[in-house]
Amino acid sequence: MNKKILAIGAHPDDMELEAGGTLAKFAKNGYEVTLLILTSGGYTDMNGNTYLDEQLKDEAEDSSKKLGIDNLIFFDYKTTCLPSNGDIVTRVDNIVDDLNPDIVISHHPFDSHQDHKAAAEIMFAVTRQGRVKNVLSGSPLPYRPNVFAFRPQFFVDITETIDLKLDAIRAYNTQYLKFGDEVLIDRVKAMAKTYGWAMGYEYAECFEVIRMDDSLWI
């Protein structure tokens, strides 16, 4: 039976940025990959530019296809107002019950974005008591974290999937343009090269291990 991966992102494009190469590698190796996006996606940025829910959902669907993700699930919580209470934990619990994932990936609890912190709290709640054997916390972007709190121990060689990751990021055309189009791509690629350098890979993504057994080898 194929192993199952559940990635939990607070917003569209989060998991592509933090773990896109890893998810694509899982998919290429025959894993069944599900992406849960907890918010509806739309927001108005500090410059007054508005991005619509449907626009970001369409981009998410396109991006997921590029990574080989089997199943895309959207919740409808408002961006910047993501709760981590019993109601949403129950909703995600039900997905975990249905999927029975071998691996859950989500955000880091010390990420500075409030929705990312809420997603991390949800991840801890739904994977409690060894319910999921492998739990990984994604690499925060440079402008997000308390960098001293993120302690990666698990590095994934994404050399064969770096281009899929970058194409998936480009699929979010609204965000791609907002963050400088190919400037964003160059910086994401540079981060992957730096993480790869730590392990002797050409490109890598890294994760903090919350829990892991000996089945997680990709």
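Contact here means heavy atoms within 4.5 Å. The model discussed is predicted.

**Helix pair α2 and α5**

By that criterion, S63, K66 and L67 of α2 meet L164, K165, D167 and A168 of α5. The residues of this contact comprise three nonpolar, one polar and three charged. The axes of α2 (residues 53-67) and α5 (residues 162-170) come within 8 Å and cross at roughly 170°. Angles over 145 degrees count as roughly antiparallel, and α2 is therefore roughly antiparallel to α5.

In soluble globular proteins, nonpolar side chains tend to be buried together. The largest nonpolar core of this model has 38 residues, of which I5, L23, F26, V33, I103, I105 and F207 touch the most other members.

The largest share, seven residues, comes from α1. L23 touches I5, A7, M15, V33, L67, I69 and I105, with residues up to four places away in sequence not counted. Another core, of 22 residues, lies apart from the largest one and has A10, F75, L99 and A118 among its members.

**Strands β1 and β2**

Strands β1 and β2 pair in the parallel sense over six bridges. L6 stands opposite T34 in β2. Seven of the eight residues of β2 are buried, so this strand is largely enclosed by the rest of the structure.

Notes:
Residues are numbered from 1 along each chain as its sequence is written. This is a predicted model: local features need pLDDT of at least 70, side-chain atom pairs count only at pLDDT 80 or more; totals for chains, interfaces and linings use all residues. Side-chain values use heavy atoms; hydrogens and water are left out. Axes are lines fitted to C-alpha atoms, for helices over the stretch in contact, and angles run from 0 to 180 degrees between N-to-C directions. Helices (H or I, at least four residues) and strands (E, at least two) are DSSP runs, numbered from the N terminus. Angles under 35 degrees count as roughly parallel, over 145 as roughly antiparallel, 65 to 115 as roughly perpendicular and the rest as oblique. Ala, Val, Leu, Ile, Met, Phe, Trp, Tyr, Cys and Pro count as nonpolar, Asp, Glu, Lys and Arg as charged, and the others, Gly among them, as polar. A nonpolar core is a set of buried Ala, Val, Leu, Ile, Met, Phe, Trp, Tyr and Cys residues joined through side-chain atoms within 4.5 Å. Buried means under 20% relative accessible area, exposed over 50%, partly exposed in between (1.4 Å probe, protein chains only). Two strands pair if DSSP finds at least two bridges between them.
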